[in-house]
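Subject: Structure for you to look at

Hi,

Here is the structure I promised you. Please open it, and then read my notes below.

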Amino acid sequence: MPVYALWSAPRSRSTAFFRSIVERGDLLALHEPLETLHFVGPVRVGERTFEAPSALLAWLAEGSPGRNVFLKETVNPPVQELVVAETRFLADARHAFLIRRPEEIAASLHAIVPDMGVDAIGVELLHSLYFAVRDAGGHHPVVIDSDDLVARPEATMAAYCAAVDLPFIPEALTWEPGERDEWRQSARWHADVTASSGFAPSKRVYPDTAENSETLARFAAHHLPFYEQLRAQRLDVTAWE
């Protein structure tokens, strides 16, 4: 059974994307299980409990869930190292990469993690994983611009579905606001999507940004070339408008 994987840098609207997938109702949607397994502890999926990321990846690669799976993850070094080692998973899954401008990530992430380092922005790591997937020789990786996602959600999700061979379900573009069990343990990271009922641009104003912070400007500048290279591969959603 197909596995649809979404990889994202932090603060890139990936949980809103996940929430839309949940609303479809036709996929087993897993919210950051690999991160949870590595950093927190065991993860239960249906009737099974997994103790390690490698066990979950092997189970997914074997098609064991018995239904189509959507896997949403935020990139981080230890989990990415495990994923890259699973060459079968890299080749067989249908991978998508959700990008956001690094200066926007920097401001949003700094508000939650003020002592973050440059690597926390995550775009360089996302870039590395994109090419690992591409070089694995399986399905061509898809890049989604989160600016498109919030400005043109119907066209963007229709383009994504066409690219990974999923039926497009327009009704999944909206949902009831509220916290979900899938992200309750990390709820402070997902306050915006918990309050949302669909895709929308952020209205938050951050006190520290790449415009007034030398540190955040430097962080964003480091990741900008990786963002631009990924953005050059993004889905053209204009045909779906």
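First, a term you will need: helices are DSSP runs of H or I with at least four residues, and they are numbered from the N terminus. Keep in mind that this is a predicted model.

**Cavities**

Rolling a probe the size of a water molecule over the atoms shows where empty space is left. How many cavities of 30 Å³ or more are there? The count comes to two.

Start with the second largest cavity. Its volume is about 30 Å³. Which residues line it? They are Trp7, Thr74, Val75, Asn76, Val79, Gln80, Val83 and Leu129. Helix 4 (residues 77–85) gives the largest share of this lining, three residues. By class, five lining residues are nonpolar, three are polar and none is charged.

Now take the largest cavity. Its volume is about 40 Å³. Ser20, Arg24, Met157, Cys161, Phe168, Ile169, Ala172 and Leu173 form its lining. Two elements give two or more residues to it: helix 1 (14–24) and helix 9 (153–164). Here six residues are nonpolar, one is polar and one is charged.

**A pocket**

Next, find the second largest pocket. It has a volume of about 210 Å³. Its lining is made up of Arg13, Arg100, Glu103, Glu104, Ala107, Asp147, Ser202, Arg204, Tyr206, Thr209, Ala210 and Glu211. Which helix gives the largest share of this lining? That is helix 6 (residues 102–112), with three residues. Sort the lining by class and you get seven charged, three nonpolar and two polar residues.

**Two residues with positive phi**

Go back to Arg13, one of the pocket's lining residues. Its phi is near 75 degrees, which is positive, and the residue is not a glycine. Arg13 sits in the loop between strand 1 (3–8) and helix 1. Is Arg13 buried or exposed? Arg13 counts as buried, because its relative accessibility is 17% and the cut-off for buried is under 20%.

Glu32 also has a positive phi, about 55 degrees, without being a glycine. Look for Glu32 in the loop between strand 2 (28–31) and helix 2 (33–39). Its relative accessibility is 11%, so Glu32 counts as buried too.

**Strand 5**

Last, look at strand 5 (residues 69–74). This strand is mostly covered, with six of its six residues buried. In a regular strand the side chains alternate between the two faces of the sheet. Where do the side chains of strand 5 point? Val69, Leu71 and Glu73 point one way. Phe70, Lys72 and Thr74 point the other way. The residues on both sides are buried. Thr74 also turns up in the lining of the second largest cavity.

Which way does strand 5 pair with strand 1, parallel or antiparallel? The two pair in the parallel sense, over six bridges. To see this, find Val3, which stands opposite Val69 in strand 5. Strand 2 and strand 5 pair in the parallel sense as well, over four bridges. There, His31 stands opposite Lys72 in strand 5.

That is what I found.

Best wishes

How values were computed
Residues numbered from 1 in each chain as written. Predicted model: local features only at pLDDT ≥ 70, side-chain atom pairs only at ≥ 80, totals over all residues. Heavy atoms only, no water. 1 Å grid on protein atoms, 1.4 Å probe; cavity = no way out; pocket = protein on both sides within 12 Å on 5 of 7 lines; lining within 4 Å. Points joined across faces, edges and corners; volume = space filled by probe spheres on them. Nonpolar A, V, L, I, M, F, W, Y, C, P; charged D, E, K, R; others polar. Buried < 20%, exposed > 50% of the residue type's maximum accessible area, 1.4 Å probe, protein only. Pairing = 2+ DSSP bridges.
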